[in-house]
Amino acid sequence: MFCVCRPSAALLLLFLLVWSHAAIAGVEVFTTADEPVVNVPSDAAVIELDAPARLDARISQDLPADPRRAEQILKARMSKPAWQQTLQQYGQLYQGLARAWMLGVEKLPAVVVDSRYVVYGQADVGAALQEIRQARAGQ
């Protein structure tokens, strides 16, 4: 399960950027760390929808309970050059969440092809792709 709470202006801008693109050709796999997928083609995009929460946890790791002290530590972390990389990572991770929302992903794992065809609940991406190929051939 995933949740995006209190979206920032940057997140909304990112969402609009993603939304402005029409269909994305190719294979997108939506899952979580707890639901690993197998037989993933090298050109498939794998989006772990719980990745932003894991990044939050990593950033918050070892923060003290005192809010003022925690704020000081976070400000110090944010002043370091590595913080830009963290911000870029956040952007990429939330782009995946926005993409799943835009596609209406309902269950995980989800294998999506050409933004049109989806197989839910199949952890074997190769098998899901075969299922999609067979369904498309029958059209």
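Two strands are taken as paired if DSSP finds at least two bridges between them. Helices (H or I, at least four residues) and strands (E, at least two) are DSSP runs, numbered from the N terminus. The model is a predicted one, in which local features need pLDDT of at least 70 and side-chain atom pairs count only at pLDDT 80 or more, whereas totals for chains, interfaces and linings use all residues. Residues are numbered from 1 along each chain as its sequence is written, and side-chain values use heavy atoms, with hydrogens and water left out.

**Figure 1. The hairpin of β3 and β4.** Strands β3 and β4 pair in the antiparallel sense over four bridges. In this pairing, Ala 110 stands opposite Tyr 120 of β4. The two strands form a hairpin with three residues between them, and Asp 114 in the turn has a positive phi of about 55°.

Figure 2. Buried denotes a relative accessible area under 20%, exposed one over 50%, and partly exposed the range in between (1.4 Å probe, protein chains only).

Figure 3. Asp 114 forms a salt bridge with Arg 136, the closest N and O atoms being 3.5 Å apart. The pair links distant parts of the chain, 22 residues apart: Asp 114 lies in the loop between β3 (110–113) and β4 (117–120), and Arg 136 in helix α5 (residues 125–137). A salt bridge is defined here as a side-chain nitrogen of Lys or Arg within 4 Å of a carboxyl oxygen of Asp or Glu. Asp 114 is partly exposed, with a relative accessible area of 25%; Arg 136 is also partly exposed, at 36%.

Figure 4. Glu 28 forms a salt bridge with Arg 99, with the closest N and O atoms 2.8 Å apart. This pair, too, links distant parts of the chain: Glu 28 belongs to strand β1 (residues 27–31) and Arg 99 to helix α4 (residues 82–103), 71 residues apart. Glu 28 is buried, with a relative accessible area of 6%, and Arg 99 is buried as well, at 4%.

**Figure 5. The network around Arg 54.** Glu 48, Asp 50 and Arg 54 are linked in a network of salt bridges. Between Arg 54 and Glu 48 the closest N and O atoms are 2.6 Å apart. Arg 54 is partly exposed, with a relative accessible area of 37%, and Glu 48 is partly exposed at 30%. In total, the structure holds five salt bridges.

**Figure 6. Packing of helix α2 against helix α4.** Helix α2 (residues 51–60) and α4 pack at an angle of about 155°, with their axes 9 Å apart. The two helices are therefore roughly antiparallel. Axes are lines fitted to C-alpha atoms, for helices over the stretch in contact, and angles run from 0 to 180 degrees between N-to-C directions; those over 145 degrees count as roughly antiparallel. Residues making the contact (heavy atoms within 4.5 Å) include Leu 55 and Ile 59 of α2 and Tyr 90, Leu 93 and Leu 97 of α4.

Methods: Parallel < 35°, antiparallel > 145°, perpendicular 65-115°, else oblique.
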